[in-house]
Amino acid sequence: MSNRVRIRHANAWAHLSIPLFGFVASTLSAAIGRNGYYIATAWILVERGYGSAGVATLLAVVSVVEFIASPLVGAAADRFDRRRLNLAADFGRFLVTIATACALLYLDAFVTICLSAALFSFYDRMALTTSQSMIPAVASGRNLVAMNSIVFFVTQFGNLAAALLAGPLMHERSPALPFTALAALFLVSTGFLALMRLAPLARDVRIAMASAIHIDLGLLRLIVVYTLLYASAVLVSVMGSSFVFQEQKGTALDFGYLEAAWSVGSLIGAISLVRVERVMSPPALHLVLLSATGLVLMAVMSVPMPWTLILFAALGFLYNLGRVSVEVTFQSRISLNLLGRAKGVMHSAAVLFGLLVFGVAAVVGDRAFPSTIFFAFGVVLLISISALNVCVVQMRNR
């Protein structure tokens, strides 16, 4: 190879790798900060005596704001530069988190955290929508499956790191310390995004804004799959602690093991699509994943500890494998100019159904065992698969 070819090859590699490195580093830092924020807020509410009702209110506030914000930030992502929006969102999360650290020293914890969560969840949804919409541009011709797998793996690794760091940061310390440390992570993420340079999308903004999202049968099926997967994760988040403490008679350590099992399964699921996609088409894979999720949820009722850890690891695996597959299929079907709004519509539908699941769990939570609720939702998933299967058959017949 001549020197000129070597130099050209090295320059091209550097040109592609610098945005990828900056994006992945930003994703990791923000994931640790984001998951750490939600862990810290929930823990402080419980520690200050507000109990599960306080945590439920916190989750409701976050869900309502996400439902309202998703279509708005999706439209903004299609109208403005996504990297700059992502940068502004990260800086917004930094400001909210550092303000929370200061306010908790002087103000009521419940009011402070609910107001903080409302602002944080808006910037958080903006950051997630814009960053996921940037993936095709960051991939720059690379395999979308591999790129999405990397991003989701890094995100789950950040979530696991946050869970491991949250305990030492909050143990017998002022609440200002963990929030200050988390704010620093968002500032680091902002720095990596500021250093990134991406080629702007070739688009006419007026045309992009006037274009409508055509929701055909295939896109609707994707939204339903995403919604069901999202709802299963919401159910695990809401009922997981009650399942361990009330039904399994476990300790906080046992609950930590369950969360870790979910995270480990999610990590494996994030990188498995590269191999799975070679042997199974996305529509068939989605049906298999939803069926397996339903069966695992139903099995929780009859499996004792510590074998339930395997089931929750399987749930994490199935959830993240499905999420990566849906994201890849979604990005391949939607024009880059419409990707932000399409993501907003999809996530709004998922959050709305998640609120419904959350409401049902809150109403019947004290009247039924958590494993019974898991079993019932597993049945709902299996019934839903019949409708999705009809959609797949109709798509094939066209």
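## Cavity lining

Seven positions line the largest cavity of this predicted model: Ser 232, Val 236, Trp 262, Thr 293, Leu 297, Leu 315 and Tyr 319. A cavity here is a set of points, on a 1 Å grid over the protein atoms alone, where a 1.4 Å probe fits but cannot get out, and lining residues have an atom within 4 Å of a point. The structure holds 1 cavity of 30 Å³ or more, and the space in the largest cavity is about 40 Å³. Volume is the space filled by probe spheres set on the grid points, which are joined across faces, edges and corners.

Helices H8 (217–247), H11 (282–299) and H12 (308–333) each supply at least two residues of this lining. By class, the lining has 5 nonpolar, 2 polar and no charged residues. Nonpolar covers Ala, Val, Leu, Ile, Met, Phe, Trp, Tyr, Cys and Pro; charged covers Asp, Glu, Lys and Arg; the others, Gly among them, are polar.

## Packing of H4 and H12

H12 also packs with helix H4 (residues 109–139), at an angle of about 65 degrees and with the axes 11 Å apart. The axes are lines fitted to C-alpha atoms over the stretch in contact, and angles run from 0 to 180 degrees between N-to-C directions. The crossing of H4 and H12 is right-handed, meaning that the near helix is turned clockwise from the far one by less than a right angle.

On the H4 side, Gln 132, Ile 135 and Pro 136 meet Arg 323, Glu 327 and Gln 331 of H12. Residues of this contact divide into 2 nonpolar, 2 polar and 2 charged. Contact means heavy atoms within 4.5 Å.

## Thr 329

Helix H12 also contains Thr 329. Thr 329 has a relative accessible area of 12% and is therefore buried (under 20%; exposed is over 50%, partly exposed in between, with a 1.4 Å probe and protein chains only). Leaving out residues up to four places away in sequence, Thr 329 touches Leu 222, Pro 282 and His 286.

## Overall fold

The protein has 14 helices and 0 strands. These elements are DSSP runs numbered from the N terminus, helices being H or I with at least four residues and strands E with at least two. Of the 398 residues, 49% count as buried. Among contacts with a separation of 6 or more, 87% are between residues 24 or more positions apart.

## Basis

Residues are numbered from 1 along each chain as its sequence is written, and side-chain values use heavy atoms, with hydrogens and water left out. In this predicted model, local features need pLDDT of at least 70 and side-chain atom pairs count only at pLDDT 80 or more, while totals for chains, interfaces and linings use all residues.

Definitions and conventions. On a 1 Å grid over the protein atoms alone, a cavity is a set of points where a 1.4 Å probe fits but cannot get out, and a pocket is an open set with protein on both sides within 12 Å along at least five of seven lines; lining residues have an atom within 4 Å of a point.
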